[in-house]
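Could you walk me through this structure in plain words?

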Amino acid sequence: MPGLDRILGGGFVEGASYIVQGQPGAGKTILGNQIAFATAQSGRRVLYITLLAETHDRLFQSLSTLSFFDKRHLGEKVTYLSVFQTLSKEGLHAVVSLLRKETKKREASLIVFDGLLNARDQAKTDLDVKTFVAEVQSQAAFAGCTVLFLTSARMEDNSPEHTMVDGVLELHEELVGVRTVRRARVRKSRGSAALGGFHQYEITGEGIALFPRIEAAFGTPSVDDFPDPRPLTTNIEGLDGITGGGLPQGSTTLLVGPSGSGKTSFGINFLAASCAAEPGLLFGFYETPDRILLKAKALGLDLARAIDNGDLEILWQPLTENLLDKLAYRLLDAVSARGVKRLFVDSLGGFERAAVHPPRLVEFFAALTNELRARNVTTVGTWEQRDLFAKEVAAPGPEISSLLDNLIMMRHVEFRSQYRRLLSVLKVRDRSCDAAAQEVIIDGNGLAICGPFEPATGVSTGLAGPLTS
Amino acid sequence: MNIVVVEDEFLIADMLVVSLEEAGHQVRAAAHGAAALQLIREQTPDLVITDFMMPLMTGLELAEALKADTQLRKLPILLVSGAQGAIARDRQDLFDLVLDKPYRLDTILDAVEQLGGQTKG
């Protein structure tokens, strides 16, 4: 589980012991079993110990819908044992001794102990629990065996169990608005540098997938940043000329404009220049790949061929309940997989909608854009403006806008009873640019700039009028 | 019939013991193979019903121990297992009957009658 390993600072330490806590339904048992089967898959053996819980065959039935569950490992690599009767008849000490014998007999390298809460009920004092946990973990450590204690108890930091173990992982499920949000947190981690704070996870048919917060996981970019000053052509007629040859390589451009002003067409033009040396990626929230291809065709641009020969990929994620960090990993993974150099994100608002905790968007976009820059990806991201004709320009908050290198604005303008499309380059990193409003033509030959808009007043308000002398 | 039930899972063991007793059998229960072997040696039952995956001594190991004991070799063994049914069916020398979990109560009661009849016959 790469996400979990990441927040634990490299994974569980061999021979160490951990508490996994969370309320019923948070996914502890799925996590315990997923780790058990991953361990079995790597050829090692696991003891899965239960107390009074659902029967093992009911557990197997519910696990059988999950892809990691492999019946062939049962009783061979993964052994399920119930110690409830031993505990109730002979007490905690007998359980400890049973675990020692079984660990040795089966050469187990992982024990998952599901139901520490029940063991706690059996203990007469805190000291009993502490002794139990200490004994189990010390004998496991001698055998090089890692122990996971799963519990639904809400244990405080000063509980005897917490003070004994090497790490505590908390799984947490809550409602935010109308949606369920699952978050994991490493509360204690001895011997490894954990990524603190909450990290979202999801439970799917493949089990638990955890997505470390981008700003924590990529505090600094994963590769060194070697800025390349050469421009990358926008592939938009007339635009390179007013931006000093194109967009600076490895820069991030914010394209602001209302619906219908030509943002997606801009992106399609930009991506139509994708080639083996500059692979492209469209990361979109609105149009499906087929609709993008139709749109491109109407612009006289053939993206289908670029897709067929691997120069371009279109990834569509519906604007439904998304996990913010999962989106970012999907994007970064797609960038890495093909060494993407031209990236069009339509739109950055798709990330904003997925944010359960919007204040972190500034750090989120900072980490994401830093990473893209360091990987020398030239990024164009759109931002939808609310009104078709507006006096105000609704760009993302100032903190986010300042993370972006270049700013291009597209607008509709009413002039002499005609609707015209304009584009203004407001900012290009480390370069002077011609900020005059340019007229945009979108037709069967793609999107093009056909020169400065005729002198007029009120262009930026959307309602322009002829200059009056 | 005098039956020994071997099962580590309390909920299943409890249900089995109660139903078998209601069907008129005398039942003793053990939470794992090692405890069962002790019960069996104290007083030989007519039938052993055992789970597969258990601590200290598995159902397979128990059956092997019983077959290795000349006095207990003929003792019929019914194995109930959630996942190891296939492994157990390959060892016809060890088990007289293998049932897969989850099973219906009447299935196991029928099986007990059937095996009981065989022993008498």
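Start with Ala184(A), whose bridge partner in strand 8 of chain A is His199(A). A word on terms: helices (H or I, at least four residues) and strands (E, at least two) are DSSP runs, numbered from the N terminus, and two strands pair if DSSP finds at least two bridges between them. In general, strands of a sheet pair through backbone hydrogen bonds, either parallel or antiparallel.

Before going further, keep in mind that this is a predicted model: local features need pLDDT of at least 70, side-chain atom pairs count only at pLDDT 80 or more, and totals for chains, interfaces and linings use all residues. Residues are numbered from 1 along each chain as its sequence is written, while chains are lettered from A and ligands numbered from 1 in the order in which they are written.

Now follow strand 8 of chain A to its other partner. Strand 9 (residues 207-211) of chain A pairs with strand 8 in the antiparallel sense too, over five bridges. A hairpin through two residues joins strand 8 of chain A to strand 9 of chain A, and Thr204(A) stands opposite Gly207(A) in strand 9.

Step back, and you'll see that these strands are part of an open sheet of nine strands in chain A, in the order 3-2-4-5-1-6-7-8-9, with mixed pairing. Its edge strands are strand 3 (78-82) and strand 9 of chain A, each of which pairs on one side only. On average, neighbouring strands of this sheet are turned by 25° against each other, direction ignored; axes here are lines fitted to C-alpha atoms, for helices over the stretch in contact, and angles run from 0 to 180 degrees between N-to-C directions.

What about strand 1 (residues 17-21) of chain A: is it buried or exposed? Five of its five residues are buried, so strand 1 is largely enclosed by the rest of the structure. Buried means that 20 or more other C-beta atoms lie within 10 Å of a residue's own; exposed means 12 or fewer, and partly exposed is in between, with C-beta atoms placed from the backbone. In a regular strand the side chains alternate between the two faces of the sheet. In strand 1 of chain A both faces are covered, with Ser17(A), Ile19(A) and Gln21(A) buried on one side and Tyr18(A) and Val20(A) buried on the other. Strand 1 runs parallel to strand 5 (residues 146-151) of chain A, joined to it by five bridges, and Val20(A) stands opposite Leu150(A) there. With strand 6 (residues 167-176) of chain A, strand 1 pairs in the parallel sense over four bridges, and Ile19(A) stands opposite Val168(A).

Helix 5 (residues 92-106) of chain A lies across strand 2 (45-50), strand 3 and strand 4 (108-114) of chain A, running at about 155° to strand 2. The largest nonpolar core has 98 residues, and those with the most contacts inside it are Ile111(A) and Val112(A). A nonpolar core is a set of buried Ala, Val, Leu, Ile, Met, Phe, Trp, Tyr and Cys residues joined through C-beta atoms within 7 Å. Contact means that the C-beta atoms of two residues, placed from the backbone, lie within 7 Å. Apart from that core lies another, of 63 residues, among them Ile236(A) and Phe453(A).

For a contrast, look at Asp443(A), which sits in strand 19 (residues 438-443) of chain A. Asp443(A) is exposed, with 10 other C-beta atoms within 10 Å.

Where the chains touch, the contact takes 16 residues from chain B and 19 residues from chain A.
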